[in-house]
Amino acid sequence: MSRILVVEDEEGLSGAIREWLEDDYYVVTLANDGSVALDRLLTESYELVLLDLMLPGLNGIDVCKRFREAGGATPILMLTAKSTLSAKEAGLDSGADDYLTKPFDMRELSARVRALLRRPQTQPRIVLEVNDLKLDRNSRTVTKSGQIVRLQPKEFLLLEVMLERYGEVLSTDELIDHVWGADSDIAPETVRSHLKTLRKKIDDPPEPSVIRTVHGMGYKIEAD
Ligand code: CA
């Protein structure tokens, strides 16, 4: 999964970006202030940052500069208001990797996001599996005994993080951070209801679920 920090102070726009990217299976965290964003960047890990130029707190260029000065290497896509900017104004010489001028088409945003994320990093395992269940990260598909299982994006991400950390107990808070983003105010009941529908889709009752509940601690995936 790719975690994206979206730094944008126009609520309508940040909400629309979040919705669009979540539909594409990204995990989105929002920040609406430059200094909050810098704090998050220095303490949390993301694969990409969408960074608005004009922000309260600290402007986009300063966020970018300070993050790079602190050794941060995460790709940054700057969101700017004018289409007639020089590279300097667009923030490219402060360490941004690319920029997109507002208003933009969400499909254009997706294309830029994919291009920036395609840069070589340490390649995670492409196929994760347990028993007859396989999750393919490239094609975003899950199969059970070769049959496609249709999952909602959040169900897919829950399964992905638990498979990735096979055998390890993940707390509800950790699942929320990984799947909904560190800034979300998702209630634990939401996690439980997603796990319930996920189990319905991947389990074979009366066999026990591969998603084990560890009382008082969280959840883990384990084969028999
Ligand atoms: Ca702004």
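This is a predicted model: local features need pLDDT of at least 70, side-chain atom pairs count only at pLDDT 80 or more; totals for chains, interfaces and linings use all residues.
Reader: What makes Asp9, Asp52 and Met54 donors of the calcium ion?

Author: The OD atoms of Asp9 and Asp52 and the O atom of Met54 lie at 2.1 to 2.3 Å from the calcium ion, and for calcium an N, O or S atom counts as a donor within 3.2 Å, so these atoms qualify. Along the chain, the donors follow the spacing D-x42-D-x1-M. Asp9 belongs to the loop between β1 (3-7) and α1 (11-23), whereas Asp52 belongs to strand β3 (residues 48-52), and the pair therefore ties together parts that are 43 residues apart in sequence.

Reader: Why is Asp52 called buried, and why is Asp9 called partly exposed?

Author: Asp52 has a relative accessibility of 4%, and since buried means under 20%, the word applies to this residue. Asp9 has a relative accessible area of 35%, which falls between the limits of 20% and 50%, so Asp9 is partly exposed.

Reader: How do you know that the protein is as compact as a globular protein of that length?

Author: The secondary structure comes to seven helices and eleven strands. For 224 residues the globule rule gives 17 Å, and the radius of gyration of the protein is 19 Å, which is close to that value, so the protein is as compact as a globular protein of that length. The C-alpha atoms fill a box of roughly 65 × 35 × 30 Å along the principal axes, and 46% of the residues count as buried. Among contacts with a separation of 6 or more, 56% are between residues 24 or more positions apart.

Reader: Why do Thr74 and Met106 count as buried, and which residues do they touch?

Author: Thr74, in the loop between α3 (60-69) and β4 (76-80), has a relative accessibility of 13%, and this residue counts as buried because the value is under 20%. Leaving aside residues up to four places away in sequence, Thr74 touches Tyr46, Glu47, Leu48, Val49, Phe67, Arg68 and Asp97. Met106, in helix α4 (residues 106-117), has a relative accessibility of 17%, which is also under 20%, so Met106 counts as buried. With neighbours within four places in sequence again set aside, Met106 is in contact with Leu13, Ala16, Ile17 and Trp20.

Reader: What makes the phi angles of Arg140 and Ser145 worth a remark?

Author: Most residues other than glycine have a negative phi. Arg140 is not a glycine, yet its phi is positive, at about 55°, and Ser145, likewise not a glycine, has a positive phi of about 50°. Arg140 lies in the loop between β7 (133-136) and β8 (141-144), while Ser145 lies in the loop between β8 and β9 (147-149).

Reader: Where are the cis peptide bonds that join Lys102 to Pro103 and Pro205 to Pro206?

Author: Most peptide bonds are trans. The bond that joins Lys102 and Pro103 is cis, with omega of about -5°, and Pro103 is placed in the loop between β5 (98-101) and α4. The bond that joins Pro205 and Pro206 is cis as well, with omega of about 10°, and Pro206 is found in the loop between α7 (188-202) and β10 (211-214).

Methods
Residues are numbered from 1 along each chain as its sequence is written. Side-chain values use heavy atoms; hydrogens and water are left out. Donors are N, O and S atoms within 2.8 Å of the metal (3.2 Å for Na, K and Ca); water is not among the atoms, so sites may look incomplete. Helices (H or I, at least four residues) and strands (E, at least two) are DSSP runs, numbered from the N terminus. Buried means under 20% relative accessible area, exposed over 50%, partly exposed in between (1.4 Å probe, protein chains only). The radius of gyration is taken over C-alpha atoms; the globule rule is 2.2 Å times the number of residues to the power 0.38. Contact means heavy atoms within 4.5 Å.
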